[in-house]
Every structure is written in structure tokens, then in C-alpha cells.
Amino acid sequence: MAGILLVEDDPSVRTALELALTRQGHSVTSYATGEEALDHIRARRPEIAILDVMLPGIDGVEVCRRVRKLDQLPVILLTARGDDLDVVVGLEAGADDYVVKPVEPRVLDARIRAVLRRAESATSDRITFGDLVIDRGALKVALAGKEIHLTPTELRLLLELVRHPGQVLNRRYLLRVVWDHTHIADSRLVDACVQRIRAKIEPRPAEPVFIHTVRGFGYRFSPP
């Protein structure tokens, strides 16, 4: 059972999802606005936040962006069908995953469990690549002695890449092992997550030295 924060301004959708997720065994607290969501997170941190992109006032993407400044709380966005720009912007803001509306509760529940599994999938060893140090037991990453804050999804993707140094991992494989997705159209999850990781661990993200793009295939972790 997970403690879920659900933020959806449509009362009928909010009620339906709250009931469905409760039946799946989760503890759900729901709100209609981003302002209420931020107040709740400050007062009592949930295990995961489900945010509708289109909210009155502070929208879901901005809520995600503000959360990421202070916390690595797992976030899933709910987006309208075909709103590719919203998806890209949301992923760049730090969202771990997204679900397209109309939302199928069983799909949302599966995505929630997958994101939470990523957050809990630590092992007790330490990996060092030059100035980059990854402590999987403590879920910490440091570069040149400075701690780098990664979301659980970012950490899971980085760990998958470093498990195969020098090998090219294609987007379909990364979608399957990191996100539990099988639809190649979701490959933008991989691209956006790589961009966020690069922004955090690369000295010059535009000229990466750790995570290299292999055009037409995927990504390769090749430490200097």
C-alpha cells in the first residue's frame, strides 16, 4: 500500500481515481489545486504524487518543478491525449512517468507500483568512475565530492547504464527495464531522463563525458 497524493481538478475524475486506487489497497489524499498539493507535501510528504497537468492556478508541471527543487518525491503526470508538448515539458521538469487520459485505473496502479519499485531498488555496493561515485545502498551520487540529487527514476536509469559500461543500450530495452514500458512511442521518457541526468552529472552537458548518444540506437555509458 502506498500513500498517494492525487491532484485532479475534475471532481468526477478525482473521485473515480481515488475510489479505484483505494480498492487497490492504496491510501489516497486528493486535492483540486496545485497550491493545496504543495501545502500538503510540505506538511506531510506522501510516497508518490499523481498530478494532472492542467490545473487551475499552479499547474501540475509547475508543482513538479517546485517539488524537484527540494525533494526527489516520485511524480507521475496525467496528460490529455495528444498533448505531446505537455509530456515533454513535464518530463524535463522532473516527472518520473506519465499516463494519458482517459486514465485506466489498472494502468495507473501498475505505473505507481513500477515507480515505487524503482525508488526501493537499492543494493548495498558502491561504484566509482573517476570523480563519479554511486552509492546504491545509500541511494547517493557524488561528483568530485559534491552530492548530486537524482530522482529514483534517474538513479535507476543511471545504474542500468553503468552496469553495462561501453555497451550501447537501446531505448526499447531501457524502457522495459527502467519503466516497465513496452511501447516504443514512450522513448521520450528515456531521452528526457538522460537529459536531466546529464544536467546533473556532466561537467558540460552539451559535451557529455559519461553518457554518450549513439544516434539511431540509444545510449552508452563510457566514463573517461
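Contact is taken to mean heavy atoms within 4.5 Å, and helices (H or I, at least four residues) and strands (E, at least two) are DSSP runs numbered from the N terminus. The structure is a predicted model, in which local features need pLDDT of at least 70 and side-chain atom pairs count only at pLDDT 80 or more, whereas totals for chains, interfaces and linings use all residues. Residues are numbered from 1 along each chain as its sequence is written, and side-chain values use heavy atoms, with hydrogens and water left out.

Helix H6 (residues 152–162) lies across E10, E11 and E12 and runs at about 70 degrees to E12, where axes are lines fitted to C-alpha atoms, for helices over the stretch in contact, and angles run from 0 to 180 degrees between N-to-C directions. Helix H8 (residues 187–201) also packs on the sheet, touching E11 and E12, and its direction makes about 145 degrees with that of E11. The three strands form an open sheet in the order E10-E12-E11 with antiparallel pairing, two strands being paired if DSSP finds at least two bridges between them. Strand E10 (168–170) and strand E11 (211–214) each have a single partner strand and stand at the edges, so one side of each is left without a neighbour in the sheet.

Ring pairs link Phe 129, Phe 210 and Phe 221 into a cluster; rings of Phe, Tyr and Trp (its six-membered ring) pair if their centres lie within 6.5 Å, and planes under 30 degrees apart count as stacked, over 60 as edge-to-face and the rest as tilted. Two aromatic pairs are counted by this rule. Phe 129 and Phe 221 are edge-to-face, at 5.0 Å centre to centre and 70 degrees between the planes.
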